[in-house]
Structure formats: C-alpha cells, structure tokens
Amino acid sequence: MVETKFVLNGLSCANCAAKIENKISKLPHVFEASVSFISKELKIKLEDDTNLLELKEIINKIVKETESGVDVCEINPQINSVSISGLSCASCSAKIEKKLKQTVGIKDVYIDFIGKKLNYSLSIDQNKIEMLNKIKRIISEVEPGVEIKEINENNNSQTEEFDKWKLYRLFFGTITFMSVLFINKESILYLSMFIISYLLIGVEVVFRALRNIFKGKIFDENFLMTIATTVAFVVGEYPEAVAVMLFYQVGEVFQDRAVNRSRRSIKKLMSIRPDVANLQKGQEIISVKVEEVNVDDVIIIKPGERVPLDGIILEGNSSLDTKALTGESLPLNVSVTEQVLSGCININGLLTVKVTKTARESTVAKILELVENATSKKAPTENFITKFARGYTPIVTISALLLAVIPPLFINGAEFSDWVYRALIFLVISCPCALVVSIPLGFFGGIGAASKNGILVKGGNYLEALNNIEIAVFDKTGTLTEGSFVVTKLSPLNISNTELLEKAAYVESFSNHPIAMSVLKEYKKEVDQSIVTNVFEIPGKGIKAIVGNDEVIVGNDKLLIDEEIDFVKEKCIGSIIYVAINKNYVGNIVVSDEIKKDSKKAIKLLKSLGIKKTIMLTGDKLSVANSVGAELGIDDVYAELLPVDKLNIVEDLIKNKSKQGKLFFVGDGINDTPVLARADIGIAMGALGADSAIDVADVVIMTDEPSKIVSAIKVAKKTRRIVWQNILFALSVKSFFLILGAFGIASMWEAVFADVGVSLLAIFNAMRVLRYKEI
C-alpha cells in the first residue's frame with residue numbers, strides 16, 4: 001500500500017468535499033480516501049501497482065462532476081532516497097546529477113554529497129523499480145565503481161570498514177617509505193621499495209585514474225595526481241613522488257573525516273525520531289517499532305523518554321522539553337486532552353496517549369523530511385560554483401599543457417623537464433574540491449543551525465534570499481497578535497444571549513479561524529455537526545449554513561451587505577461577528593485580540609537589519625488595524641481586506657521593489673496560502689503541529705514568536721559570510737600557488753596543500769555556522 005496526495009484548489013463547499021471523498025473511496029485499488037475541507041487536501045491510500053496517471057484522470061473527472069470550479073493539483077511528487085557509496089569526488093557527483101536530470105521519467109534529482117544520498121522524484125506514470133535499475137546503469141556508465149543501495153543501518157559500518165583498510169595501507173606504505181630513505185641509492189632495493197610504498201599508498205588513486213581513462217574521463221583529481229607523481233618518477237624524483245602521494249592521501253583521510261564529522265554533527269541535530277514505542281495491549285505493555293503503531297492505539301510514555309508519535313493525552317500530566325522542535329528552553333506543561341508532538345522529551349510524568357498520526361505522518365517525520373530534502377534546492381551561489389567548477393579544471397589543465405610546451409620552445413636555455421614539473425603543479429592545484437565540498441556544506445550547516453532554533457528553511461535558495469529582504473509584510477491575526485480571541489460582548493436583537501451564541505457556534509464549528517475558535521470556546525458545549533448542512537464558506541466574509549431548519553449567516557458586515565440584510569453597525573474596537581437567521585439580523589458578537597509580547601521587538605530588530613519597509617495586512621476593521629500598527633511601529637497598514645486583496649497588494653509591492661530586493665510574507669499558512677505562494681519568501685508562523693503550514697511555506701517558524709524571523713535572517717547572514725569567506729580563501733590561495741608554480745617557486749608540496757589543505761580548512765570553517773545561538 002502507498003499513499004499519494006492532491007490539492008483541490010477552489011474547493012469551497014464542505015458537502016462537495018464529502019461527496020468527492022465518498023466517490024473516490026469506492027474506486028478499485030483504493031483502500032482509503034479522505035478530503036480535508038480546511039486544507040483542501042485529498043489523501044489516498046492505494047495498491048502499490050496502481051497506474052497513477054489513469055487514477056488522476058478519474059479523480060479529476062469525479063471532482064469536476066461534483067464541483068466544476070475545482071482543479072486537481074499534484075502535490076510535490078514523493079522524494080525517494082538511496083544511499084550512495086564509492087563517490088569520493090564532489091565534482092564527480094555533479095556529472096552524475098546532470099546525466100540523471102536528462103533522463104526521461106525523472107522529474108528531479110539531487111545528489112547530497114555531504115549526506116551520501118541520492119534523492120530523486122519520478123513522473124507519475126513511472127515504475128519505481130524499473131527506474132531505480134535504470135539509475136544504477138546510468139551511474140555505472142558515468143562513474144564506474146559508484147553504487148547505490150537501499151538505506152539501512154549497515155551502510156555506515158561499511159564506510160567505517162573501508163576507512164580502516166585505507167588507514168592500514170597508508171600505515172604500511174609510510175613505514176616502507178621511511179625505511180627506503182636509509183637504503184643506499186645504488187642498491188637494487190632502492191627503486192623497488194619506492195614503487196612498493198607508492199602502490200601501498202596510492203593504489204586506489206591509480207586504479208580510479210586508469211578506470212576513468214578507459215571511460216574517456218581525464219580531468220578528475222585521480223588522473224591529475226597519478227600523472228603528476230608518475231612523471232616525478234620518470235624524472236627521477238622518487239622520494240617526492242611518494243611523499244606527494246602520501247601527503248595527498250593523508251589529506252584526503254582528514255578531509256573525509258572532517259566531512260563525516262560534519263555530517264554526524266548535522267545528523268545529531270536531527271536525531272529526534274524515536275525508534276520504538278510502548279504500546280498498551282489490554283493490561284500488557286509491549287515495545288514495538290513506531291511504524292507498527294496505528295492511529296487510535298494507546299501508548300505509554302515514561303519520564304525521560306522521547307515522545308514517539310503525535311497524540312492526545314488520556315491520562316497523566318507532565319512537562320515536555322520541546323527544544324528539538326521549537327528551540328525553546330522553557331518546558332511546556334501538558335495535561336489530559338492536550339496534544340503531544342513526536343520529538344519532544346517527557347520530563348517528569350507518566351503519560352497515557354492516544355495516537356492521532358502514524359509514524360509516517362507525524363510532526364517529527366515531516367520535519368526530518370523537510371530538512372533532509374532542503375539540500376536539493378540549491379542557492380544561487382551553489383549553482384554559480386557548480387558552473388564555475390565545470391570550466392575551472394579544463395582551463396587550468398589546458399594552461400598547464402601550454403606551460404609545459406611553449407616556454408621550452410621560445411626561451412633559451414629552458415629545460416623541458418623543468419617546465420613539465422611546473423605544469424604538474426598546475427594540474428595538482430586545478431581540482432575545485434575545496435569549493436564544491438565546502439559551499440553546499442555551509443548552506444546545509446546553516447539549514448541545520450536554523451532547525452536547531454525552531455526555524456525550518458526548505459532550501460539553500462531561501463536561506464540565501466533572506467539576506468536580501470527589502471520589504472517585510474505581515475498578516476495581523478495570529479502573526480503579530482496572539483490570535484487567541486476572547487468574546488468580550490454579546491449584543492442580541494429579539495433573541496437571547498444563549499441562542500445568539502449557539503447559532504454562531506454551530507456555523508463556526510466548520511471553520512478553523514481563530515475568531516471562530518473563540519466563539520466555540522465561549523459556547524463551552526459540544527456541537528452536534530450532524531444537524532448542520534449546506535455549509536458554504538465565503539472567503540474573507542464568513543459562512544452560510546442550514547442549522548436545523550434555519551438558514552444562519554455568520555460573518556462580517558460585508559457579508560450582510562451582500563445578502564441585502566438590514567443591520568446596525570457595531571462601533572466597538574475589536575472584531576465583530578454579525579449573525580442573521582432566515583435573512584433577519586439577530587445581533588452581533590464582539591471578540592478582541594492582543595499583541596504578542598515580542599512583536600514590537602521583532603519589528604524594531606528587522607529595521608535594524610536593514611529592512612526598508614514593514615507592512616501589515618488584515619481583514620480586520622481599519623480602527624483596530626491602525627491601533628495595532630501604531631503600537632508596533634509598522635510603516636504601512638492595510639485593513640478590511642479579502643484574501644484576493646492581500647494578494648493584489650503583495651503583487652504591487654513586488655513590482656515596485658528593487659531588482660535585487662526580496663519580499664517576505666508572514667502568515668498562518670492556512671488562510672493566506674495564495675499570498676505565501678506569491679511572495680519571494682513565504683513564512684508560516686506558529687506551525688507546530690500544523691501540516692498545511694509545513695507543506696505550503698518556504699520557511700516555517702515552529703513557535704508563535706515573530707522574533708524568530710530575525711534569528712532566521714541572522715543565520716542566513718552568517719551562512720553567506722562563511723560561504724564567501726571559503727570562496728575568496730580558496731580562489732586566493734589557489735591563484736597564489738598557481739603563480740608561484742608558473743615561476744618555479746612552488747614545489748609539489750605546496751601544490752598539494754593548495755588542493756587538500758585548502759579543502760580541509762574550508763570544511764572546518766563551513767561548520768562554524770552550526771554553532772549559531774540566539775541572542
């Protein structure tokens with residue numbers, strides 16, 4: 001069984017959603033179908049061998065027949081991941097990636113050299129097993145010796161074993177090399193011992209070089225080192241040939257260790273997914289894998305354990321450490337009926353929890369998937385370095401060839417062997433690994449540092465874009481204000497307070513808006529939704545429904561004007577809900593919101609970071625909006641807006657900003673989907689446990705703190721600073737040694753340092769971003 005998802009854009013009728021769900025559930029090969037009217041998402045569980053292309057056509061037909069204005073859109077295709085081994089050269093991964101992207105049937109592909117993973121997504125009509133075999137064949141053709149495997153627990157141990165054998169060869173090769181230095185040069189053992197030590201130290205480099213030559217690939221690091229050291233042997237520089245290969249291989253070992261250490265550091269940040277859960281079966285408690293737990297199962301979470309799955313507390317109370325998800329150090333107190341999220345640590349109480357989401361759909365699974373896949377969205381700087389690296393090595397190699405041939409022909413007394421040696425130095429320096437490894441590592445580290453602070457950035461492109469923010473646009477409710485509205489006044493007309501609140505509560509129970517939640521909270525009774533029919537939501541205005549035998553309209557003044565209902569405008573400060581029954585106005589409900597504690601601080605800090613303009617958009621009354629805007633120091637306030645109005649305003653702002661400047665919009669990720677999608681960067685606020693927010697936004701703030709946006713920008717700025725330090729450092733050192741090599745001042749030793757040493761220093765520098773802490 002597999003699961004696939006679609007978005008039903010334009011879905012505005014709750015009854016239609018139920019009909020669509022019912023019809024799709026009855027289709028052959030479909031085990032289960034569910035339509036969320038709130039998030040407008042269709043989830044289907046079906047047989048693994050189902051033809052998804054045909055299924056989508058059938059679904060589209062069903063949807064159009066039920067509600068003609070709805071479009072069925074495929075959510076980003078499932079990303080498949082496999083481990084990749086035998087790939088030791090970062091620039092080689094770019095070659096494989098380029099070839100796979102040109103393959104029919106593959107929608108997208110990205111090789112995570114740091115994480116040793118290949119991530120790919122297929123067209124909807126492709127067979128996964130057949131395409132995986134095709135990918136293996138392509139990789140074998142492009143880079144022989146590189147293998148892909150299903151991700152399992154044994155992969156890491158295999159890598160460690162390979163490293164140990166390499167260390168053994170280096171150890172015995174070094175001993176042999178040191179021994180030969182004490183042997184007489186005239187001895188028959190002298191050259192033989194050098195050759196033996198050279199092969200022990202560099203056999204894998206030579207082997208890879210020969211293998212690639214037969215494939216027509218001569219511009220890789222293995223070829224360059226093999227040529228350089230072989231020519232050194234030919235000209236009689238035996239000690240230097242072996243020593244340079246030794247220096248190179250030792251540098252490679254340290255580089256591999258540094259990358260592995262970086263990889264472990266990043267993975268440690270995200271090691272928040274428990275493997276087992278304590279499942280309650282009658283009076284017995286058994287330990288099972290989290291994948292084996294189903295929705296509505298009951299699990300026990302002991303003090304000190306990490307919460308394995310999302311759920312609702314049935315018994316017990318405790319404090320939860322949510323730092324892994326939110327970056328918050330203060331514990332969160334929870335009790336019966338409250339939600340717990342996977343990834344948190346239960347500090348001090350025994351909890352009995354009813355599971356609400358499977359392991360695959362849990363909060364921690366979504367967060368981990370998001371962070372792991374973030375590396376596939378490359379920053380512009382990464383793309384530039386990739387293109388630069390493709391041209392850099394051939395240019396330097398051609399320069400080396402010209403350096404070896406031209407000077408001996410035109411300079412009197414120039415020795416051919418001397419200029420060949422200088423050309424070899426050029427070849428050794430020509431590999432761009434310092435850039436190709438450290439730049440993605442820097443962005444990956446930045447994404448990891450942000451996630452440690454409760455900020456999920458969906459790609460290096462968004463992290464880099466945060467450096468250029470010019471305009472900050474905020475939704476008001478739930479973003480700058482608490483969004484936890486409280487009913488402050490009931491004004492009934494010809495009915496009782498109780499009946500006014502009851503009618504409004506029954507209709508508002510179909511909405512997830514904070515104002516609707518406040519009405520339900522004030523009502524305090526259970527709502528029987530079975531007596532509510534024909535629910536119809538009018539975006540930005542309100543809801544109409546049949547409650548029992550009455551038509552009830554609940555919304556703002558615009559809705560009553562549209563319905564041509566006479567009413568008296570309420571003049572209180574706050575958000576006003578007008579209620580009409582059977583086209584007759586029966587009163588209003590006033591609810592009030594309060595500004596978040598750190599909203600003012602966030603606006604002030606954003607301006608200090610160079611943001612030119614702050615703007616607030618809201619559907620609330622102008623008087624309320626102006627009051628909030630003035631208190632926070634917002635530059636421009638737009639009020640009484642429909643969702644389409646917000647979109648139009650953002651469109652205009654984008655047209656009028658500078659070419660390099662960026663605009664971000666911060667909203668709740670549910671009611672502001674079109675604006676989040678249109679902004680240069682869409683930021684969803686308070687997304688802890690909100691699936692729709694995680695799906696739609698480019699940056700997800702897991703808490704309700706606007707100041708986290710400032711932290712995200714600071715992480716982005718630190719990441720960019722480190723990335724450009726590495727670029728300038730690597731290019732400067734390489735250029736310096738290229739000049740020294742051309743004039744015969746630098747030796748092969750300096751050339752190897754300019755290659756391996758620079759890579760090592762750049763990697764260590766890139767990992768500094770992981771140490772970012774909020775101030």
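The structure is a predicted model, and its protein chain has a secondary structure that comes to 25 helices and 30 strands. Of the 775 residues in the protein chain, 52% are buried, while the accessible surface comes to about 35700 Å², with 56% of that area belonging to carbon and sulfur atoms. When contacts between residues at least 6 apart in sequence are considered, 66% of them join residues at least 24 apart.

Among the strands, six form an open sheet, and reading across it gives the order S10-S9-S11-S17-S12-S15, with antiparallel pairing. Strand S10 (284-289) and strand S15 (339-340) stand at the edges of this sheet, and because each has a single partner strand, one side of each is left without a neighbour in the sheet. Further in, strand S9, which covers residues 276-281, pairs with strand S11, residues 298-301, in the antiparallel sense over two bridges; here Asn-278 stands opposite Ile-300 in S11.

Helix H20, which spans residues 622-632, shows how burial can be arranged around a helix axis: its buried residues are Val-624, Ala-625, Val-628, Gly-629 and Leu-632. These residues cover an arc of only 125° around the axis, and they therefore lie on the same side of H20. Just after H20, Gly-633 takes a positive phi of about 80°.

The last stop is Asp-704, which has its place in the loop between strand S30 (699-701) and helix H24 (707-742). Is this residue buried, partly exposed or exposed? The relative accessible area of Asp-704 is 44%, and since buried means under 20% and exposed means over 50%, with partly exposed in between, Asp-704 counts as partly exposed. Along the chain, Asp-704 and Ala-684 are 20 residues apart, and their C-alpha atoms are separated by 9.7 Å.

Technical notes
Residues are numbered from 1 along each chain as its sequence is written. This is a predicted model: local features need pLDDT of at least 70, side-chain atom pairs count only at pLDDT 80 or more; totals for chains, interfaces and linings use all residues. Side-chain values use heavy atoms; hydrogens and water are left out. Two strands pair if DSSP finds at least two bridges between them. Helices (H or I, at least four residues) and strands (E, at least two) are DSSP runs, numbered from the N terminus. Buried means under 20% relative accessible area, exposed over 50%, partly exposed in between (1.4 Å probe, protein chains only). Contact means heavy atoms within 4.5 Å. Accessible areas come from the Shrake-Rupley method with a 1.4 Å probe; for residues, only the protein chains shown count as cover. The arc is that of the directions from the helix axis to the C-beta atoms.
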